[in-house]
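This report describes a structure from its overall dimensions down to individual residues. The sequence and the model come first.

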Amino acid sequence: MSGSVPPSPQHVLVLDDNRDLAENVAELFSAAGYSTEAVADGSGALDAAARRAFDLAVVDVRLPGDSGIRVAGELKAQCPEAEVILMTANATLDSAIAAIREDAYAYVQKPFDPAELLAIGERALGQVRLGRERMRLERELARSEALYRGVVDTVDRYIVALGRAGEVRMWNRSAAASSGWNAAEVLGRRLTEFLPSEHGRASFAEALAQAAGGSEVSDLELSVRTPDGSQRIVRWQLSQLPQDEPSAPSVLAVGADVTDRLDLERRAAEAEAMASIATLTAGLAHEIRNPLNAASLQLELLERASKRLEDGGTRGRIENRTRIVREELARLTNLLDDFLNLARPRAIALEEVPLGALIEEVVTLQEPAARKAGIELHARVPPDAPAVRGDSAMLKQVLVNLIVNAIDALRGREPRRDGGSIEVSCAPIGDARVELRVDDDGPGIPSEVADRLFVPFVTSKEAGSGLGLTIVKRIIDRHGGTIRVASKPTGGTRVRLYLERAS
Ligand SMILES: Nc1ncnc2c1ncn2[C@@H]1O[C@H](COP(=O)(O)OP(=O)(O)OP(=O)(O)O)[C@@H](O)[C@H]1O
Ligand SMILES: [Mg+2]
């Protein structure tokens, strides 16, 4: 309350059909510093209460042709925070009970001692003042809580309160928006349940203990898993919360979602790498192609010469070796083609590509290779599969690269076992986009390459060049599409491509 404006006095309303008595009682309260009004009948009292809210009403029970108890009830309905004192000359048990039922503060019997009435009245007024003050504070608290809630919810940061065991006690709207988990799904669970990597969980637990012990932790970068299996990278700052009661949350974690920024940095780095490949390739391709052609030619001559050898044993051994060399030369040529493609890609030719037919074609082509490795490769294409706007040859290359990756993953998994399956499917998303899916039940993306899949030369394979997904990403980018690669929580890898639907 501001100190400069004196608080207005509390207001007392007195109702008695004996006007002199009403005025005497009013006088009693005026002398004690209250503002007062004396009225002689029920309707006058209700009018007065409508004009000015009262804090205390002193009401005579016996009114000619009316009931003071009824009037008291209506007055109370009009000013619920106010109190009522009833007066009567002939107290009966009935009216006492009715008075209590009407929630009167007190019941005074005439004739009364004025000092006593004033004392009771002042107690009632004190209670009213406290009640009003409590309501004011509650309103103020609600307002300030709403303000803080608003700030916490609008600020573009994770604001998370954590209990001793790392369980989430507060989860603001930005946290929900960034992670995809709403408060109801997270509250009460440990934050570590939402951290996908073992290492991340360990560093978070350590940081939590440190913050709870009073030393702040900053710049802790951790991935948070989202409901759809992808991840957001969040930079956290953890600090201790004042512990005013044992059950209060002990640590405040404030996090900034830096995924997009890192993504941008990564893309810039990728673009830089691509540019240097282009220069390198332009210079080297020609130089490599010539000796490659020469070697191939020499090999051809060698093969012909070996066919004329008499000694079958020697001929067989030589043929075996030349076959290996030919295969290696073919690999080199392929690699060179990949390089050239990346460095100087041909113009994209957009047309309407029926996705169903394209999937069937590539799957049929790759099926023998999969079968040889004991892997089940199948297409699941609805009869009304959508068409996309794309470059058919490029999209085939995309699908081949993804399927070959899946076959490699299933073949290379440890411990080695037979089987495994790959499914290629597609579905429309709304009327503008189409989703193309490649799912395998292999070991999932190895963590050491997971965040650099589209960077050239990043590979976990002994004989891999690490260009497959770089090319895929390039092609999808040129189609204005998007690609998402994620390890599934149930194991295996899920690749999702989003392309523009042909109208
Ligand atoms: N389906 C998958 N399952 C598990 N890991 C995968 C899968 N697809 C890709 N990867 C991982 O991503 C890495 C990069 O793949 P990418 O296709 O770019 O290169 P590569 O397959 O290693 O070599 P290249 O395709 O040039 O022969 C792979 O080495 C592998 O670790
Ligand atoms: Mg590959």
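How many residues surround ligand 1, and which are the closest? In this predicted model, where local features need pLDDT of at least 70 and side-chain atom pairs count only at pLDDT 80 or more, totals for chains, interfaces and linings use all residues. Residues are numbered from 1 along each chain as its sequence is written, while chains are lettered from A and ligands numbered from 1 in the order in which they are written.

**The ligand shell.** Ligand 1 is surrounded by 23 residues, and the closest are Ala409, Thr459, Gly464, Gly468 and Leu469; a residue is near a molecule if its C-beta atom, placed from the backbone, lies within 6 Å of it. Helices α12 (392-412) and α13 (468-478) each supply at least two residues of this shell, and α12 gives the largest share, four residues. Helices (H or I, at least four residues) and strands (E, at least two) are DSSP runs, numbered from the N terminus. By class the shell has nine nonpolar, twelve polar and two charged residues, where Ala, Val, Leu, Ile, Met, Phe, Trp, Tyr, Cys and Pro count as nonpolar, Asp, Glu, Lys and Arg as charged, and the others, Gly among them, as polar.

The chain has 13 helices and 19 strands. Its radius of gyration is 42 Å, well over the 23 Å that the globule rule gives for 503 residues, so the chain is more spread out than a compact globule; the radius is taken over C-alpha atoms, and the rule is 2.2 Å times the number of residues to the power 0.38. Along its principal axes the C-alpha trace spans about 145 × 55 × 45 Å. The domain assignment gives domain 1 (11-150), domain 2 (156-257), domain 3 (263-343) and domain 4 (351-500), with bounds that come from an automatic or database assignment. The C-alpha centres of domain 3 and domain 4 lie 26 Å apart, and eight residues of domain 3 are in contact with eight residues of domain 4, contact being C-beta atoms, placed from the backbone, within 7 Å. On the domain 3 side, α9 (259-307) and α10 (312-343) are the elements that give two or more residues.

**Nonpolar cores.** Of the 38 residues in the largest nonpolar core, those touching the most other members include Leu355, Val398, Leu402 and Ile422. Such a core is a set of buried Ala, Val, Leu, Ile, Met, Phe, Trp, Tyr and Cys residues joined through C-beta atoms within 7 Å; buried means 20 or more other C-beta atoms within 10 Å of the residue's own, exposed 12 or fewer, and partly exposed in between, with C-beta atoms placed from the backbone. The largest share of this core, ten residues, comes from α12. A second, separate core of 32 residues includes Ala38, Ala45, Leu75 and Ile85.

**Backbone exceptions.** Most residues other than glycine have a negative phi, and most peptide bonds are trans.

Aspartate 219 counts as exposed because it has 7 C-beta neighbours inside 10 Å. A cis peptide bond, with omega about -5 degrees, joins lysine 110 and proline 111, and proline 111 is found in the loop between β7 (106-109) and α5 (114-154).

Key
Contact = placed C-beta atoms within 7 Å.
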